[in-house]
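Here are my notes on the model you sent over, in numbered points. Have the structure open while you read.

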Amino acid sequence: MLQKDSLFRRNDSFFRSTPPLPPAPATGATTASAVAEPAKPPLDKADERKEAKLIVGPDIKMKGVEVTDCDTLVVEGRIEATLDSRVLQIAQNGMFCGTVAVDTAEIHGRLEGELTVRKQLTIHATGKVTGKIRYAKIKVEEGAELAGEISMMERGPQGVLVKRTGT
């Protein structure tokens, strides 16, 4: 017969294990001749921040979402959302429907809606983009599909991207 205590008792030694000590520095002479490293200045919070990356997996469907504070969005499934980010990557089987404003976009799958790319838009051979598209630079591989209202953005007097009018 099993005893409850031994079956459900938490092994605290797992949680209390101390990390291994770093190896001792190799010294050729005495420790008095060791040179101290200069102190590093403390990092501010902006330097400490890791990249915020969201991956929508291949079997995931998201609807009615506003994605904020995301550096990189990778879409392998389907997402209907509003996005303002640095990077958008849509995998070959991925689909994004909605409004997007990003620095760079790399499209292998489908995007439908309003797309504003402040730097570089790349549509690969398997990519299909439809809707209202604005970009600073564009690269379209042979076989890709691009349809809708398409316009190039230009740099204004202070280097700000503005929508090109006319032709």
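1. First, a working definition: a residue is called buried when its relative accessible area is under 20%, exposed when it is over 50%, and partly exposed in between. Keep in mind that this is a predicted model. Cys70 has a relative accessibility of 8%, so it falls on the buried side of that cut-off. Cys97 comes out at 13%, so it is buried too. Searching the whole structure for disulfides turns up zero. For reference, a disulfide is a covalent bond between the sulfur atoms of two cysteines.

2. Now the overall layout. There are three helices and eight strands, and along the sequence they run α-α-α-β-β-β-β-β-β-β-β. The protein has 167 residues, 28% of them buried. Its accessible surface is about 12,300 Å², with carbon and sulfur atoms accounting for 53% of that. If you take the contacts between residues at least 6 apart in sequence, 4% of them link residues at least 24 apart.

3. Where do the residues of the largest nonpolar core come from? This core holds 24 residues, and Leu73, Leu88, Phe96, Leu111 and Leu121 are the ones with the most contacts inside it. Strands β2, β3, β4 (95-107), β5 and β6 each contribute at least two of its residues. As background, nonpolar side chains tend to be buried together in soluble globular proteins.

4. Setting aside residues up to four places away in sequence, Phe96 touches Leu73, Val75, Ile79, Ala81, Leu83, Leu88, Ile90, Arg110, Leu111 and Glu112. Two of those names, Arg110 and Glu112, also turn up as a salt-bridge pair, with their closest N and O atoms 2.4 Å apart. Both ends are partly exposed: Glu112 has a relative accessible area of 28%, and Arg110 has a relative accessibility of 36%.

5. On to the other charged pairs. Side chains of opposite charge can pair when their charged atoms come close. The count here is eight salt bridges. One of them joins Arg86 and Asp71, at 3.7 Å from N to O. Arg86 sits in strand β3 (residues 78-90) and Asp71 in strand β2 (residues 61-75), so this pair ties together parts that are 15 residues apart in sequence.

6. Another pair to look at is Arg118 with Asp84, whose closest N and O atoms are 3.5 Å apart. Arg118 belongs to strand β5 (residues 110-123) and Asp84 to strand β3, so the bridge ties together parts that are 34 residues apart in sequence. Arg118 is partly exposed, with a relative accessible area of 27%. Asp84 is partly exposed as well, with 48%.

7. Thr72 is worth a look in strand β2. With a relative accessible area of 5%, Thr72 is buried. Which residues does Thr72 contact, leaving aside neighbours within four places in sequence? They are Glu51, Ala52, Lys53, Leu54, Ser85, Val87 and Gln89.

8. Gly127 lies in the loop between β5 and β6 (128-140). Beyond its neighbours within four places in sequence, Gly127 is in contact with Ile107, His108, Gly109, Ala144 and Glu145. Gly127 and Met95 are 32 residues apart in sequence, and their C-alpha atoms are 9.9 Å apart in space.

9. Last one: check the backbone at Asp69. Its phi is near 55°, a positive value in a residue other than glycine. Asp69 is in strand β2. Is Asp69 buried or exposed? The relative accessible area of Asp69 is 68%, so it counts as exposed.

How values were computed
Residues numbered from 1 in each chain as written. Predicted model: local features only at pLDDT ≥ 70, side-chain atom pairs only at ≥ 80, totals over all residues. Heavy atoms only, no water. Helix = DSSP H or I, 4+ residues; strand = E, 2+ residues; numbered from the N terminus. Buried < 20%, exposed > 50% of the residue type's maximum accessible area, 1.4 Å probe, protein only. Contact = heavy atoms within 4.5 Å. Areas by Shrake-Rupley, 256 points an atom, 1.4 Å probe, with all protein chains shown as cover. Disulfide = S-S within 2.5 Å. Salt bridge = Lys/Arg side-chain N within 4 Å of Asp/Glu carboxyl O. Core = buried A, V, L, I, M, F, W, Y, C linked by side-chain atoms within 4.5 Å.
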